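Here is a short note for a first look at this model. The points take up a pair of helices and then a sheet.

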Amino acid sequence: MSSTVSIIVLCTFFITAFSHDEDVHTIRYSTENFAQELPKKNHFVMFYAPWCGHCQRLAPTWEQLAEMLNEEDSNIKIAKVDCTTDSSLCSEHDVTGYPTLKFFKVGSGEGIKFRGTRDLPTLTTFINEQLREGEDEGAEIKPPQPVSGLVELNEENFEKYVSSGKHFIKFYAPWCGHCQKLAPVWEQLAKSLEFDSSISVAKVDCTQFRSICNQFEVKGYPTLLWIEDGKKIDKYQGDRSHEALKSYVSKRMGSPEAPTEAGKTQNEEAGVGILTGDTFKHGVENGVTFVKFFAPWCGHCKRLAPTWDELGKKFIGDGNVNIVKVDCTLDINKDLCNEQEVEGFPTIYLYKNGVKISEYSGSRTLEDLHDFVKQHTGHDEL
């Protein structure tokens with residue numbers, strides 16, 4: 001008798017422990033709230049029993065799926081129903097074995113049974129297929145607006161496209177809330193780099209092109225990878241703001257215009273000085289200083305660079321004129337560029353005895369740049 005009691009107590013403990021596992025992200029439904037919540041969003045529901053071994057093995061994956069998708073702005077909810085406590089609800093949905101996984105499209109009480117392998121990639125692919133079918137049945141979907149500079153890669157063009165050069169690629173899933181938040185920032189990044197042929201900004205939809213994402217071991221969304229000549233070089237794990245991403249690109253591209261230990265360098269051949277946040281105030285306090293605020297990845301800056309070097313040569317030996325530049329992507333210079341109200345690249349200011357006199361907005365030819373400086377110094381010869 002005592003042996004039977006022990007077994008019952010042990011089984012009760014096991015079931016209780018399992019039924020109270022920490023579903024931090026998975027939503028638990030019962031007969032009381034299932035019908036009320038189901039029409040609000042698409043749902044993927046696991047009907048299970050706590051004692052079921054298959055259910056126990058699936059539980060961590062199901063929780064991972066819920067962590068990815070159960071966000072406020074997501075159009076799908078990942079949930080579960082305990083059939084040992086809500087047997088009538090499970091019977092209503094023809095649950096005859098555990099676990100039974102069903103996808104409920106918004107507005108429909110009839111579930112579509114999942115019959116595939118219970119791993120995360122297969123489950124996410126199934127979700128995406130169901131969501132797409134729902135879109136096809138609804139109103140006409142407007143095609144996405146093209147964004148300058150952003151390349152959309154697929155299985156047909158990926159390998160050839162990334163086989164040479166430098167690429168910053170977003171691997172994503174359309175239903176992922178974090179991906180949706182990043183999307184406009186990623187487009188902005190691509191737009192800001194569209195004239196720089198040395199770097200491409202691209203994206204890959206992992207729900208459509210799983211083989212690419214598996215090849216690069218993408219295990220979560222979004223994953224941002226730096227790829228050079230077809231090989232993964234780095235995984236970006238920093239802040240996803242436009243400025244942070246832009247700074248990362250600049251560092252990966254490398255800036256040849258780095259300051260010396262003193263914080264200021266002078267290219268003897270070009271005659272162009274380099275100022276930093278630490279040396280700027282002292283560097284502009286005497287005479288006329290013509291400053292180019294730039295970013296290494298900026299196409300307009302690259303086109304101006306040789307002209308700026310030529311301008312520097314014209315004033316070599318003139319103690320009253322300094323032609324200098326500031327790299328706004330370097331951490332040491334970010335506060336300086338903000339203080340000087342640099343809002344685009346290149347931005348060109350003229351300072352006289354430490355005071356900002358004017359912003360240059362004219363033609364970027366050598367003659368016009370020289371004439372502008374001449375107006376403030378009295379130089380006559382080009």
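1. In this predicted model, helix α11 (residues 299-314) and helix α13 (residues 366-377) have axes that come within 10 Å and cross at roughly 45 degrees. Because of that angle, α11 counts as oblique to α13. The crossing of the two, α11 and α13, is right-handed.

2. Which residues of α11 meet α13? On the α11 side they are Leu304, Thr307, Trp308, Glu310, Leu311 and Lys314. They meet Leu366, Leu369 and His370 of α13. By type, the residues of this contact between α11 and α13 divide into five nonpolar, two polar and two charged.

3. Elsewhere in the description comes a sheet. It is open, has five strands in the order β6-β8-β7-β9-β10, and its pairing is mixed. From one strand to the next, the twist averages 30 degrees.

4. Which strands stand at the edges of the sheet? They are β6 (150-153) and β10 (231-236). Each has a single partner strand, so one side of each is left without a neighbour in the sheet.

5. The edge strand β6 runs parallel to strand β8 (residues 199-205), and four bridges join them. Leu150 has Val201 in β8 as its bridge partner.

Key
Residues numbered from 1 in each chain as written. Predicted model: local features only at pLDDT ≥ 70, side-chain atom pairs only at ≥ 80, totals over all residues. Heavy atoms only, no water. Axes fitted to C-alpha atoms, helices over the stretch in contact; angles between N-to-C directions. Parallel < 35°, antiparallel > 145°, perpendicular 65-115°, else oblique. Left-handed = near helix turned anticlockwise from the far one by under 90°. Contact = heavy atoms within 4.5 Å. Nonpolar A, V, L, I, M, F, W, Y, C, P; charged D, E, K, R; others polar. Pairing = 2+ DSSP bridges.
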